[in-house]
Amino acid sequence: MSQEGVGVDLETSLGYLLKEASSALRAAMEEVLRPLGMSVTHYSCLELLAQRPGLSNSELARGAFVTRQTMNVLLQALERDGYVTRPAAAPVGKVLPTRLTPSGRRSLEKASAAVRSVEARMLAGLTETEQSAAFRILQGMVRSLRDGDEGP
């Protein structure tokens, strides 16, 4: 039985190429973060808290693309290791707002520099115009997928 017309041609699939790029980026980031005692999820959590202090566990989980349970375990470890602080009781409702400690900020600065070096390496072969175009194109793809089936 012929396989023609079945499945996706991985050689020409943009979705597959995006997944491959995502996987390569994550591996490169893990490689530079590991010597700093961090994972990509650990770094993502600290970066989110630096930009938006006080985020809840659920908000952090969404931003780092992990489950609430995974984020809760990570936050407990980060708190134990002195990177973040959370109040013992929720100031409002059930949300325990998380904030970076000075130690967490110092750790994040090193990690951010390492991650920027990976991104610079990834973009090294592109002109500024190509980088801007890639950024706009990827934003458009994300928007289209999040907006649902409004296509033809």
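Predicted model: local features only at pLDDT ≥ 70, side-chain atom pairs only at ≥ 80, totals over all residues.
Local features need a pLDDT of at least 70 and side-chain atom pairs count only at pLDDT 80 or more, while totals for chains, interfaces and linings use all residues. Residues are numbered from 1 along each chain as its sequence is written, and side-chain values use heavy atoms, with hydrogens and water left out.

The protein contains 6 helices and 2 strands. Both are DSSP runs numbered from the N terminus, with helices being H or I of at least four residues and strands being E of at least two. In sequence order the pattern is α-α-α-α-β-β-α-α. Of the 152 residues, 28% count as buried; buried means under 20% relative accessible area, exposed means over 50%, and partly exposed lies in between, with a 1.4 Å probe and protein chains only. Among contacts (heavy atoms within 4.5 Å) with a separation of 6 or more, 47% are between residues 24 or more positions apart.

The largest nonpolar core has 25 residues. Such a core is a set of buried Ala, Val, Leu, Ile, Met, Phe, Trp, Tyr and Cys residues joined through side-chain atoms within 4.5 Å. Leu33, Tyr43, Cys45, Leu46, Leu60, Met71 and Leu78 have the most contacts inside this core. At least two of its residues come from each of H1, helix H2 (40-51), helix H3 (57-64), helix H4 (68-80) and helix H5 (102-123). H2 gives the largest share, 6 residues.

Next come the salt bridges, of which the structure holds 3. The term covers a side-chain nitrogen of Lys or Arg within 4 Å of a carboxyl oxygen of Asp or Glu. One joins the side chains of Arg26 and Glu30, at 3.7 Å from N to O. These two residues are 4 apart in helix H1, so about one helical turn separates them. Arg26 is partly exposed, at 40% relative accessible area, whereas Glu30 is buried, at 19%. Not counting residues up to four places away in sequence, Glu30 also touches Met38, Ser39 and Val40.

Glu79 and Arg86 form another salt bridge, with their closest N and O atoms 3.4 Å apart. Glu79 counts as partly exposed because its relative accessibility is 32%, and Arg86 is buried at 14%. In the bridge between Asp81 and Arg80, the closest N and O atoms are 3.4 Å apart. Asp81 is partly exposed at 44% relative accessibility, and Arg80 is exposed at 64%.

Accessible areas come from the Shrake-Rupley method with a 1.4 Å probe, and for residues only the protein chains shown count as cover. Leu14, Leu17, Leu18 and Leu138 make up a nonpolar surface patch with about 340 Å² of accessible area together. Patches consist of residues with over 30% relative accessible area and no salt bridge; like charges are joined within 9 Å and nonpolar side chains (Val, Leu, Ile, Met, Phe, Trp, Tyr) within 5 Å. Helix H1 (residues 14-33) contributes the largest share of this patch, 3 residues.

The last helix to consider is H6 (residues 128-147), with 20 residues. The expected span is 1.5 Å times one less than the number of residues, so H6 should span 28 Å, and its end C-alpha atoms are 28 Å apart, in agreement. Just after H6, Gly148 has a positive phi of about 90°.
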